[in-house]
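User: Could you walk me through this structure, one question at a time?

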Amino acid sequence: MAGSNGSRGPSHSSVLIIEDDSLICKLLQVVLEHHGHSVEIAETYAAGADAIEHSKPELIILDLGLPDGDGLDLLRHLRTDMKKNVPVLVLTAFRQEDKAVRAFELGADDFVTKPFAPRELVARIERVLAA
Amino acid sequence: MWRRFGDAGYALLVLAIFTIEAFGLAGLTWAFLLRRTGLGPDAFGLGEALVAAVAATALALMVLTVYTITYQVISSRRERRYAKEVLSWTDRWIDVVFGDDDLAPAGPLPAAGVDALLDLRESVSGEAAATIRKLVSGYGIDAGLIGRVRGHLRGPAVESDGTDEPRRKRLAAALSPEGFASRLDALDGLARARSPEAVPTLMAAATDPDPAVRMMAVRALARSASAIPHDPDREAAAAQIVELLHAAEVSSGAIGEALQLLEDAAPYAVAQILDDPQRFGHRFVCAALDAIGRLGLTEFVHIVVRFADHRRIAVRAAAIRALGDLGRITSRAQPVIRHALRDRNEVVRIEAARAARLLDPKAAVRSLRPLLEDPAWTVRRVAAASLAAVGEPGRRALTETALEHTDPHARSVASQVLVESRAFTSGEKERDIG
């Protein structure tokens, strides 16, 4: 498999992807399912908040630029209002590390810059899940 | 988006409408002339000519309306069908790139297959990007796009071998049913393909007489250069692009966009411009400073501060904006921001007020509070917004200003920002409203 280590990951977790770009969603879904994770997709802020509440994901991949709200606000809502400690991996645009820093301040566990290397992304997910 | 199809039909329709109108108006003019000279129709005959002319106009408008509506309906259906095809190809390519088996389809690929592969190229980096790049080359997509751009090149960029080959090519390109749209499509495709092999062709296209082609070529060039794998080659390409931008007449926006699209190669280009600001001029310096801020090139902070007291307002503002965009005010930049808060120009003060929210809270409040009395409303507004963003000390300063300041403008802007940021307690809000 190009772009990944070709081996199944150690854990089989449920991952919620909150991202409005259908191509990125599909890409993440294929890569994560290949590594044995189950994937749920939410394409908006509202759908994401709903899925967090009802699906109880073990990891969230959160895009910061959602069509109906700011991903950072959703992260804040997740940590302060919903009091959820589920690990969050943030997706940011190229060279927007300042947003990643803000996300860390709000309780994100890691970040990946788009365009991303699927192999690196899987490694980061495995590390966050193992922590 | 430029027109992709229907150009010939539209041209024929416009010709038909002009012909109908010309006949109608000619008939009417002829009838009036005959009547004026006493040789022609009576009032009844003139009335018929008038009715015929109005009917011709109505017919022309009707045909145009029907065509426009039909075109929209057909375009919309085609676009939906095409989007579905792209989606289906995307799934297929993801299986090819990330699947365990070799599922690559046989070429040549349809347009939707090419678009889907190039879209995927945009989304990934690392090994997956290298795999896609191999596919792009293997199917001859980049070579085809380069060929399409070269086939349409005009002006001095086309090398002549002494024959009138370029002239024939230009004529063929002008008469091509795809024409301009095809050229822009090819440039857009090359921008997404990020193929280093396209750099020489794009360099030539960046000097095209058409500004839209130049703009698209510069964008594709920057993206392609960012994909050059080795540092010395990438540095050389970045340097060439800067020189090309300098020589070509491209807008300030295009310069800025190109610098940012260079991504990892951008530092070379930025350094080249800021090393010789006199030669490149203030438009390039501003674009380089903006690129520093937007790409987070913190290694340039010591150079950015040098431009903070530049004689040109735009350069001073760009320098301060860059410091703010970097997201962190270093100890070297702090006095520069504080000095800029007292700049004689309000544009610079606005940028400084925006950046000052990144100072430590005490320093930010101390620096921003006086700006609530600034003569310029925009500066007062940005300073108040920055104070609200500072946190509790900033909101406290705003509340005090809103309730107690002697200047009504300062009170007004402070209360406005507090209400917007929902920082008032209900009691304070009532007092303010009261």
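Analyst: Happy to! A definition to start with: two strands pair if DSSP finds at least two bridges between them. Please keep in mind that this is a predicted model.

User: How many bridges join strand E3 to strand E6 in chain A?
Analyst: Strand E3 covers residues 59–63 of chain A and strand E6 covers residues 88–92 of chain A. Pairing needs at least two bridges. E3 and E6 of chain A run parallel, and the number of bridges joining them is 4.

User: Which residue in E6(A) does Ile61(A) stand opposite?
Analyst: Ile61(A) faces a residue that belongs to E6(A). E6(A) spans residues 88–92 and is joined by bridges to E3 of chain A. The residue opposite Ile61(A) is Leu89(A).

User: In what order do the strands of the open sheet in chain A come?
Analyst: The open sheet in chain A is formed by 5 strands, and their pairing is parallel. Strand E2 (38–42) and strand E7 (110–113) of chain A each have a single partner strand, so they stand at the edges, with one side left without a neighbour in the sheet. From one strand to the next, the twist averages 20°. The order is E2-E1-E3-E6-E7.

User: What angle does the direction of helix H2 of chain A make with that of E1(A)?
Analyst: Helix H2 of chain A, residues 45–55, packs on the sheet. This helix touches strands E1 (14–18), E2 and E3 of chain A. Its direction and that of E1(A) make an angle of about 165°.

User: Are the residues of E6(A) buried or exposed?
Analyst: To count as buried, a residue needs under 20% relative accessible area. On one side of E6(A) are Val88(A), Val90(A) and Thr92(A), with Leu89(A) and Leu91(A) on the other, and both faces are covered. The strand is largely enclosed by the rest of the structure, because 5 of its 5 residues are buried.

User: Which residue in E7(A) is the bridge partner of Val90(A)?
Analyst: E6(A) and E7(A) run parallel and are joined by 4 bridges. Val90(A) is one of the buried residues of E6(A). Its bridge partner in E7(A) is Phe111(A).

User: How far apart are the closest N and O atoms of Arg76(A) and Asp73(A)?
Analyst: Side chains of opposite charge can pair when their charged atoms come close. Arg76(A) and Asp73(A) both lie in helix H3 (residues 71–81) of chain A, 3 residues apart, or about one turn of the helix. Arg76(A) is partly exposed at 32% relative accessible area, and Asp73(A) is partly exposed at 32% as well. They form a salt bridge, with the closest N and O atoms at a distance of 2.7 Å.

User: Which residues are linked with Glu120(A) in a network of salt bridges?
Analyst: Let's begin with Arg124(A), which forms a salt bridge with Glu120(A), their closest N and O atoms being 2.9 Å apart. The two sit 4 residues apart in helix H5 (residues 118–130) of chain A, so about one helical turn separates them. Arg124(A) is partly exposed at 26%, and Glu120(A) is partly exposed at 38%. The residues linked with Glu120(A) in the network are Asp110(A), Arg124(A) and Arg127(A).

User: Moving to chain B, how many helices and strands are there?
Analyst: Chain B has 434 residues, and buried residues make up 45% of them. Of its contacts with a separation of 6 or more, 65% are between residues 24 or more positions apart. The count for chain B is 23 helices and 0 strands.

User: In which helix of chain B do Glu392(B) and Arg395(B) both lie?
Analyst: The side chains of Glu392(B) and Arg395(B) meet in a salt bridge of 3.7 Å, N to O. Glu392(B) is partly exposed at 45% relative accessibility, and Arg395(B) is partly exposed at 29%. They are 3 residues apart, about one turn of the helix, and the helix is H21 (residues 392–404).

User: Does Met62(B) count as buried or exposed?
Analyst: Met62(B) lies in helix H2 (residues 43–98) of chain B. Together with Leu59(B) and Val63(B), Met62(B) forms a nonpolar patch on the surface, with about 260 Å² of accessible area in total. The cut-off for exposed is over 50% relative accessible area. Met62(B) has 55% relative accessibility, so it counts as exposed.

Definitions and conventions: Residues are numbered from 1 along each chain as its sequence is written. Chains are lettered from A and ligands numbered from 1 in the order in which they are written. This is a predicted model: local features need pLDDT of at least 70, side-chain atom pairs count only at pLDDT 80 or more; totals for chains, interfaces and linings use all residues. Side-chain values use heavy atoms; hydrogens and water are left out. Buried means under 20% relative accessible area, exposed over 50%, partly exposed in between (1.4 Å probe, protein chains only). Contact means heavy atoms within 4.5 Å. Axes are lines fitted to C-alpha atoms, for helices over the stretch in contact, and angles run from 0 to 180 degrees between N-to-C directions. Patches are made of residues with over 30% relative accessible area and no salt bridge: like charges are joined within 9 Å, nonpolar side chains (Val, Leu, Ile, Met, Phe, Trp, Tyr) within 5 Å. Accessible areas come from the Shrake-Rupley method with a 1.4 Å probe; for residues, only the protein chains shown count as cover. A salt bridge is a side-chain nitrogen of Lys or Arg within 4 Å of a carboxyl oxygen of Asp or Glu.
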